[in-house]
Structure formats: C-alpha cells, structure tokens
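Dear colleague,

I am passing on the structure that follows, together with some notes on what was found in it. Please read the notes with the coordinates open beside them.

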Amino acid sequence: MAVRVGIVGCGGISRAHVQRGYRLLREKGLADFRLSAVCDVDGRRAEAVADLAASALGEDRPRVFTDPADLVASGTVDAIDCCTAVFAHHPVAVAALAAGIGVTVEKPFAVTVRAGRRMVDAARRSGAVLAISENVHFEPRQRIASWVLEQERIGAPQVIVMGGTGTAAWFPDKIVANTPWRHQRLLAGAGAVLDLGSHSFDTLRTLGGEVVQVSALTRQLVPERLRRGPGGEVVERAVSEVDDVALVLLTFASGAIGMFGTGWGGHGRPTSFAGGLALQCSAGSLQYTEEGGLLAWDDGRTENASALFHREADPALRERFFPQGVTEGFALELRDFLEAVVRHSLPENDGEQGLRNMAVAYAAIESSLLGRGVTLQEILDGRVSTYQDPIDRHWGLL
Ligand SMILES: NC(=O)c1ccc[n+]([C@@H]2O[C@H](COP(=O)([O-])OP(=O)(O)OC[C@H]3O[C@@H](n4cnc5c(N)ncnc54)[C@H](O)[C@@H]3O)[C@@H](O)[C@H]2O)c1
C-alpha cells in the first residue's frame, strides 16, 4: 500500500522536498508513496505546492488544507513531512504523532529542547515513527567519511575541526533565505548556531560520536538584516534578535575534541577553510574536498575517500547508502522515513538524534550566556535552559 504523505509548510524547503526528493524517488521507483495532501496557513503557498507536486510527480493534485489540525483529522495521510518554520514543528508533530501519523520534521528539530522532548515523548507514547529530515546525514561526503571510520582505515578520531565564520549566501547582512522569522527568537529559537549548526552537529556526532561537553561563545554582529531589490535598494528590514556567529569547543565521549565555527553575518568576506572539515585520527587524517574527502597517512600515502569506498565497500552497503546511484540527500532522507513508516521500524535518523543535534546547538548558546562549559546532559534534561526559558514560556512549554 502506498504511504499517503502530507506536506505541512509550503515554503522554500517544501519545494526542494518535492523537486529533489519525491520526484527522484518516483522516477527511480525507490519508494511506494502518494503525495495526497499539502497544508500551509498561507493558502496561496499551499495551492502553489499542490500544483508543483502534481506536475513534478505526474499524479492527482494533492488536497489542500490551511489548518494542520484539519489535515490530521481528515484521515487522508499516513505520514506528515513537516516543513514549517521552526516554531510550528512541535505543535504540528505532537498532534500528528498522537493520532498515530508518522512525522519527519525538518532541521532544526524544534524551537527549544523542551519542545523537541515533547515530540520524542509523543512518538514513544503512540508508537508512530518520528524522524529528522537531515539531508546532509545521507550525502556522500558524510556517508563515506563514516564508512572510513567504521572500517578503521585511519584509526579513531582525536581532533575534529569544522566550519567557518561566514556563509556567503547570507553575507554580510541579508535576511536569511528571505525569511524574517529566522531572526526572531520566539519563532526561530536561535540563529546561525541552531539553523546551520544543526546540520554540522549531525556531522560531528556521526563522525565523532556522542558529544558530552560544550564551551562556546556566540555573538550577534549584525543587528539589522535587509532584503534588497534589483537596484540594491532596501525593500525589507528585519531586526535580528539572535546570534549570527558562534565558536564552539566540543568534548566527545570518546575523549576526542572538536572545534566548530559558524555564522551568517559579518563584514568584508566570509571566512572558512578548504573543504570545511578536517579530522585528525590515531592513524591518519581526513579532509573534506570538492571531490569528497582526502585521506592521508604518516608514510605519505594519500587516497580519495570516495574512490576507496567505491572500490572496496561491500556492494550491498553501497546500494544501501546510494540506491541505484542516488546521492541526493533530500531523496535519501525521505526514503529512509517512508521505509520506517511502512515497516513500523526506527528510521536511521530518528527523533532522538534530531533532538540531540539540536541540544548541542543549545548547549553552545547556554554556555555562552553562562560563561562556562555545559554538559549535553544538563541541556537534555532541562537543568540548564536560561536562554530557552522565555521561548518555552511563550509557547506554553514551561
Ligand atoms: N535541509 C535544509 O538544507 C534546509 C534548507 C532550508 C530550510 N530548512 C528548514 O525547513 C524549515 C522551513 O524553512 P523554509 O526556509 O522553507 O521557511 P519558509 O518560511 O519559506 O516556509 C515555512 C512555511 O511554513 C508555513 N507555516 C508556518 N506555520 C505554520 C503552521 N502552523 N501550519 C502550517 N504551515 C505553517 C509558513 O506559512 C511558510 O509557508 C525550517 O525548519 C528550516 O530550517 C532546511
């Protein structure tokens, strides 16, 4: 039976899910599903994504809803792909999970750790599937790097350095992704360290193992964000209430240490280093490159990680990672979720992982505010939540 999917939140990322995710899965026959509904509080956006889905997938136009509660009650979906702005993740997910509907939710997992915990608890109570839509987790560089480590080709991770302090797309002061809500604390939770960091903390936890301690400095460099018209004239202004740069030190349970920097504002040019990730291990190193990853050993040997994987990895594993050669993260994350819904099994990147990725971001923010290192456990169990408390209070979570 085809899984009946409803997309909730029909903004920018929902289009990528349709065009780069569902369309590819349909073309390759990699999942049995039907996009049967779309929902957005803005009816025009929902109508536009209904049209897009019908044309991209060549199937009946999905039913259009403007209230997620109506969609949940309609009995038209088995699974919800939550692509709303961050503040709406937990109400949408909790209501759907309580009704036994599987949910995958875009990163960052939730607006606060308490909101995320409500989602994980709702999934546990109902037994419905809860996943994090984390495209980077399924993309070749990360997949192959984790395989290299599992195979003990370069030993165990000792030091991981990742990131940069600027993102060209939003530099120096653009309204990020044309979405002013990303700069509002009650709607987004936090800024770059949560939005961009969620991707990177998935990478860091996948490669380095569990994070146990975080020390960080977060700052806001650009207090006002702008959208400019074609002639450079300012057409929209948004006051920023959140961080736009973060420097984070991490301790992993293994004893490995990490350093991560991120940001989306500043002056001059964004700064980063080649490839964006370097891993020093007990018997060699790995550095991300355009071609994937460069492995190096003490005797001077080097090897392209991707070439090594395609030459030596078990063919069944290669097919599991990249079925029919598909390497598109949006398609692979959605396939993993849909398979879990069909099999009533845990997705590879389940809600608990989404919560933990997000908790590292909040550990960074709380650490900066308190001026001390914090443990991930203090963040996960809510003992440290000074920054998040007003957000939780606003959403009735405290
Ligand atoms: N994986 C990635 O690389 C990636 C890239 C961009 C965005 N995202 C994530 O996707 C999510 C959405 O981001 P976006 O850029 O598409 O934002 P967006 O503002 O373009 O779209 C969000 C949509 O949610 C709708 N919405 C808000 N509250 C709602 C509710 N209660 N019910 C139904 N609809 C509601 C809004 O009307 C809007 O159309 C965020 O979590 C963001 O971090 C992920």
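Q324 counts as exposed because it has 10 C-beta neighbours inside 10 Å; the cut-offs are 12 or fewer other C-beta atoms within 10 Å of a residue's own for exposed, 20 or more for buried, and anything in between for partly exposed, with C-beta atoms placed from the backbone. Q324 is found in the loop between α10 (315-321) and α11, where helices (H or I, at least four residues) and strands (E, at least two) are DSSP runs numbered from the N terminus. Its phi is near 50 degrees, a positive value in a residue other than glycine.

Before going further, please note that this is a predicted model, in which local features need pLDDT of at least 70 and side-chain atom pairs count only at pLDDT 80 or more, while totals for chains, interfaces and linings use all residues. Residues are numbered from 1 along each chain as its sequence is written.

H344, in the loop between α11 and α12, also has a positive phi, near 55 degrees, without being a glycine, and H344 counts as exposed because 10 C-beta neighbours lie inside 10 Å. As background, most residues other than glycine have a negative phi, and most peptide bonds are trans.

On the overall layout, the protein chain is divided into domain 1 (3-134 + 329-348) and domain 2 (137-314), with bounds that come from an automatic or database domain assignment. The centres of the two domains, taken over C-alpha atoms, are separated by 26 Å. In the interface, 12 residues of domain 1 are in contact with 14 residues of domain 2, contact meaning that the C-beta atoms of two residues, placed from the backbone, lie within 7 Å. Helix α11 (residues 329-343) gives the largest share of the domain 1 side, three residues, and that side divides into six nonpolar, three polar and three charged residues. In this classification Ala, Val, Leu, Ile, Met, Phe, Trp, Tyr, Cys and Pro count as nonpolar, Asp, Glu, Lys and Arg as charged, and the others, Gly among them, as polar.

The ligand is surrounded by 25 residues, of which the closest are G9, G11, G12, A88 and E106; a residue is taken as near the ligand if its C-beta atom, placed from the backbone, lies within 6 Å of it. This shell divides into 13 nonpolar, six polar and six charged residues, and it draws at least three residues from each of domain 1 and domain 2.

The largest nonpolar core has 118 residues, and those with the most contacts inside it are A93, L97, L130, V214, A361 and A364; such a core is a set of buried Ala, Val, Leu, Ile, Met, Phe, Trp, Tyr and Cys residues joined through C-beta atoms within 7 Å. Helix α12 (residues 351-370) contributes the largest share of this core, nine residues, and the core lies between domain 1 and domain 2 because both give residues to it. Leaving aside neighbours within four places in sequence, V214 is in contact with several residues, among them V248, L250, V360, A364 and L376.

In α4 (89-98), seven of the 10 residues are buried, including H89, H90, A93 and L97, and what covers the buried residues of α4 includes β1 (3-8), α3 (68-74), β4 (79-82), β5 (102-106), α5 and β6. Helix α5 (residues 113-126) has 14 residues and reaches 20 Å from its first C-alpha to its last, close to the 20 Å expected at 1.5 Å a residue, the expected span being 1.5 Å times one less than the number of residues. Among the buried residues of α5 are V113, R117, M119 and V120, and their cover includes α4, β6 (130-133), α12 and α13 (376-380).

Finally, L221 is found in the loop between β8 (211-219) and β9 (224-228) and counts as partly exposed because it has 17 C-beta neighbours inside 10 Å. L221 and G266 are 45 residues apart in sequence and 6.0 Å apart in space, C-alpha to C-alpha.

With best regards
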